[in-house]
Amino acid sequence: MLIDTDPYVSRGERVHVTERQDPVIYPTDHGTFLNREQIAFYDHHGFLFIPQFFSEQETRQLLAEQQRLWETSQSLDDPKIIREPGDETIRSIFAVHDHDPFFAELAHDPRLEAMARQILGSDTYIHQSRINFKAGFSGKDFYWHSDFETWHVEDGMPRMRALSMSIALTENYAFNGPVMVMPGSHRYFVSCVGQTPKNHYQTSLRQQRYGIPDHESLRWLAEQGKGIEMPTGPQGSLLLFDCNIMHGSNSNISPYPRSNIFLVFNSVHNRLAAPFGGTEPRPPYIATR
Ligand code: 6CS
Ligand code: FE
């Protein structure tokens, strides 16, 4: 019998950095929405930024719809609505692809699906969606992390065959807490120290404490060549990034909200198994099963 050992063990007692065992671009006959240069850039750096991807009219609607959701969600008591640590300002709303007709349609935009299929080399489905509002003055940071580390350990995502698309719903400036990425970091898996507490998501989505890399590994990742990039641009810009790229963002003390929707596309050949860290699966509004 063949015994499969997990190549991406994390949340133990020791830090270690290992090489990625999976492709970044999967072989495909799934079209050519992105050109060769774009695919090569994504492969090499682990992300691709397309400023003003959406038309002016689409962008206006995106902005209005996120404003509508922000307003109608204020006083709702709903586990999908995550508040900032320390106050009640809305930080994220999860599963918008499932609960909001407008954003559900966006999640199935044929252009987005075409790009996801092209990179992941298969049909895809939405693993997770959320809007991170990052309100002016009070929106808090997201510390450095690899999404895959959490999705593997806490959700049972087997391999690195997923990607995020982040659409700027408000302009992302350098000063309102845009996403920062470490180019090339998607090629390494950083295992993190610490035992995942029970129901970790109830605190981690406000402020993450486990699944966080150590300083030495972060310094090494940043220094292995390419430093840190901060793709900024107007509303309607699109950031694609690999599930394992090291990324994070600063808090927002500017008066300008930084509101982005994140859609996570996973390959249909990479559906969730039991969480690799041995904890109970997180609720379906965080991880589609
Ligand atoms: O726990 C999660 O699934 C999430 N947490 C972060 C900080 N990023 C990705 C994902 O939404
Ligand atoms: Fe993330």
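The exercises below, each with a worked solution, concern the predicted model shown above.

Because the model is predicted, local features need pLDDT of at least 70 and side-chain atom pairs count only at pLDDT 80 or more, while totals for chains, interfaces and linings use all residues. Residues are numbered from 1 along each chain as its sequence is written, chains are lettered from A and ligands numbered from 1 in the order in which they are written, and side-chain values use heavy atoms, with hydrogens and water left out.

**Exercise 1. The iron site**

Identify the protein donors of the iron ion (ligand 2) and describe the geometry of the site.

Solution. Begin with the donors, which are N, O and S atoms within 2.8 Å of the metal (3.2 Å for Na, K and Ca), and bear in mind that water is not among the atoms, so sites may look incomplete. The protein supplies His-145 through NE2, Asp-147 through OD and His-247 through NE2, at 2.1 to 2.2 Å from the iron ion.

Next, consider the angles: four donors count as tetrahedral if all angles lie between 85 and 135 degrees; four count as square planar and six as octahedral if opposite donors are over 155 degrees apart and all others between 65 and 115; anything else is irregular. The 4 donor atoms here make angles of 79 to 169 degrees, and the site is irregular.

**Exercise 2. The surroundings of ligand 1**

List the residues around ligand 1 and work out which side chains place a polar atom beside one of its own.

Solution. Start from the residues with a heavy atom within 4 Å of the ligand: these are Gln-128, Arg-130, His-145, Asp-147, Thr-150, Trp-151, Leu-205, Gln-208 and Arg-282.

Then look for pairs of N or O atoms within 3.5 Å, the cut-off for a polar contact; within protein, one must be able to donate a hydrogen and the other to accept it, and residues adjacent in sequence count only if both atoms are side-chain atoms. The side chain of Arg-130 has an N or O atom 3.1 Å from an oxygen atom of ligand 1, that of His-145 has one 3.1 Å from a nitrogen atom of the ligand, and a polar side-chain atom of Trp-151 is 2.9 Å from a ligand oxygen atom. Taken alone, ligand 1 exposes 300 Å², of which the protein buries 93%.

Lastly, Gln-128 sits in strand β5 (residues 124-132), is buried at 5% relative accessible area, and makes a side-chain polar contact of 2.9 Å with Arg-130.

**Exercise 3. The cysteines**

Solution. As for accessibility, Cys-192 is buried at 3% relative accessible area, and Cys-243 is buried at 0%.

Methods:
Buried means under 20% relative accessible area, exposed over 50%, partly exposed in between (1.4 Å probe, protein chains only). Accessible areas come from the Shrake-Rupley method with a 1.4 Å probe; for residues, only the protein chains shown count as cover. Helices (H or I, at least four residues) and strands (E, at least two) are DSSP runs, numbered from the N terminus.
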